[in-house]
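Here is a short briefing on one protein model. Look at the structure first, then read on.

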Amino acid sequence: MTSFSSFTLSLFILLAGYLSAICAMPPNPPTTPQRDPYGSDRIRLLTGTFAITTGRAVLISSVYHALVTLFYPPNTNNGILSAICPHPENLDPQIFTSSPTVVLSLLAIASGSAIRLSAFGGLGRNFTFYLSAPDRLITDGVYAYVQHPSYTGLVLVVLGCVGLFSIMGIFGRFLRLTTIGGAATVGGFFWYTRNDVFEPLPLTDRIFHSARFNVLNPLRNPTTHDLCIRRVPLSDIDPTLLEKKGKLVEAFCAGVWSGWGTHRAASIHSCRANNNRLGYAFQRAYLARKYQGPETAHQLWSRSELRSSSYEPGTLITDHFEVVEKTPDRIVVRCGASPRVQEVRPSDGLFEMSVKVKPEEGVAEFGLKSCFFQGLGKAETQPMPPHMVWLHQQYTKLWMETAIRNVVR
């Protein structure tokens with residue numbers, strides 16, 4: 001016979017699953033389903049069908065868990081439990097008891113759902129999972145206390161769901177494996193890029209006073225900028241690239257955009273070559289699916305083209321970059337939007353690849369300099385929030401390592 005505690009816990013699990021599901025699903029349909037009013041809704045894939053599917057999957061999982069909880073333990077020879085779960089003897093008993101993990105997880109889901117659903121109600125029809133302009137500013141209710149209550153609530157709900165799933169057999173093993181694998185991957189990345197150093201980029205730097213910057217940023221809007229430096233011993237550099245001034249920076253630039261190591265790196269440094277398969281490769285593939293066609297056929301798209309180009313001014317790269325300056329020690333490209341848009345843009349930037357050969361120190365100093373800004377209209381703040389700055393820096397380090405592999409022996 002089902003005990004009162006099993007019935008209560010089953011009911012709570014079912015309720016938690018229902019709350020988690022409705023927190024994952026859009027409360028309102030998109031107001032502009034056919035177009036993106038800001039041209040920058042890059043996560044529509046996650047906020048559309050994926051969100052609905054995730055909500056349904058969580059609800060189905062919670063229903064199953066609630067049913068098994070209702071008819072547990074297996075030592076009662078319960079035929080219903082055996083029908084639901086063919087091997088109930090393999091279940092962990094703590095899944096079906098009010099253990100501290102279960103209680104804390106349920107409380108996290110309950111409190112997170114309350115916060116998120118309050119945010120849904122506070123914004124009303126203005127709350128959509130797609131970018132849309134609200135008709136008014138909400139400063140009361142939960143928004144009077146938390147700036148982003150919907151995100152806060154969602155984080156609590158996700159933590160609660162992870163807490164429940166982490167103690168369920170296969171889910172627990174999966175989470176442990178992914179955690180260990182993820183930690184190893186992150187650790188490997190930071191070890192691999194340990195020699196890439198970000199140095200301060202002063203506002204006296206030439207990039208902020210160049211003619212190109214003044215034209216593209218006429219109102220002198222605030223910038224998001226950084227400088228990544230990598231020093232490599234000259235003894236490690238391919239000597240043929242040092243025979244003629246300017247060849248080294250061309251090879252360095254080609255390494256950034258080609259996204260793959262050369263055959264030398266692949267044969268001598270096979271482990272590092274696997275990392276070199278990243279770099280710009282994924283972004284290039286994404287841009288190719290969207291923009292490669294007859295009207296952009298004259299641009300650089302393939303790895304072979306990107307690796308062999310000398311990157312003269314006017315060279316167009318994957319409909320997203322344009323070489324605007326070239327000297328023997330640096331190549332500067334304009335970024336932020338399609339080079340087919342030549343006028344001042346809402347989002348713009350300059351990206352510099354540079355090389356300084358220092359024989360007295362026995363090193364070559366490679367640099368990747370980024371400068372992003374809003375060109376059209378007046379801006380009061382930098383274009384990137386802190387977390388995006390950090391992510392961009394990690395991407396820059398990956399570019400740096402890819403490029404370096406194209407210039408070493």
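**Strands, helices and how they meet**

Strand β3 (residues 316–317) and strand β4 (residues 321–327) pair in the antiparallel sense, over two bridges. Helices (H or I, at least four residues) and strands (E, at least two) are DSSP runs, numbered from the N terminus. Two strands pair if DSSP finds at least two bridges between them.

This is a predicted model, in which local features need pLDDT of at least 70 and side-chain atom pairs count only at pLDDT 80 or more, while totals for chains, interfaces and linings use all residues. Residues are numbered from 1 along each chain as its sequence is written, and side-chain values use heavy atoms, with hydrogens and water left out.

**The sheet**

- I317 has F321 in β4 as its bridge partner.
- β3 and β4 form a hairpin with three residues between them. T318 in that turn has a positive phi of about 45 degrees.
- β4 also pairs with strand β5 (residues 330–335), antiparallel, through five bridges. E325 stands opposite V332 in β5.
- Two residues link β4 to β5 in a hairpin.
- Which order do the seven strands of the open sheet take? The order is β1-β2-β7-β6-β5-β4-β3, with antiparallel pairing.
- β1 (197–199) and β3 are the edge strands, and each pairs on one side only.
- Strands of a sheet pair through backbone hydrogen bonds, either parallel or antiparallel.

**Helix α14, the sheet and α9**

- α14 lies across β1, β2 (223–233), β4, β6 (348–358) and β7 (363–373). α14 runs at about 30 degrees to β2.
- Helix α9 (residues 247–258) packs against helix α14 (residues 386–404) at about 125 degrees, with the axes 7 Å apart. Axes are lines fitted to C-alpha atoms, for helices over the stretch in contact, and angles run from 0 to 180 degrees between N-to-C directions.
- That angle makes α9 oblique to α14. Angles under 35 degrees count as roughly parallel, over 145 as roughly antiparallel, 65 to 115 as roughly perpendicular and the rest as oblique.
- The α9 and α14 crossing is right-handed. A crossing is left-handed if the near helix is turned anticlockwise from the far one by less than a right angle, and right-handed if clockwise.
- In α9, F252, G255, V256 and W257 make the contact (heavy atoms within 4.5 Å). Their partners in α14 are W399, M400, T402, A403 and I404.
- The contact of α9 with α14 has seven nonpolar, two polar and no charged residues. Ala, Val, Leu, Ile, Met, Phe, Trp, Tyr, Cys and Pro count as nonpolar, Asp, Glu, Lys and Arg as charged, and the others, Gly among them, as polar.

**Helix α1 and its partners**

- Helix α1 (residues 4–24) packs on helix α5 (residues 100–123) at about 35 degrees, with axes 9 Å apart. The crossing is left-handed.
- Residues of α1 in this contact include L9, F12 and I13, while those of α5 include V102, L106 and I109. By class, the contact of α1 with α5 has twelve nonpolar, two polar and one charged residues.
- The axes of α1 and helix α3 (residues 49–70) come within 8 Å and cross at roughly 180 degrees. That makes α1 roughly antiparallel to α3.
- The contact of α1 with α3 has 14 nonpolar, eight polar and no charged residues.

**From the record**

- An unreviewed UniProt entry lists "transmembrane region" for residues 45–72, 102–123, 143–167 and 174–192. UniProt positions are given in the numbering used here, feature names are shortened, and annotations may be inferred rather than shown by experiment.
- Residues 102–123 are 100% helix and 0% strand, with end C-alpha atoms 32 Å apart.
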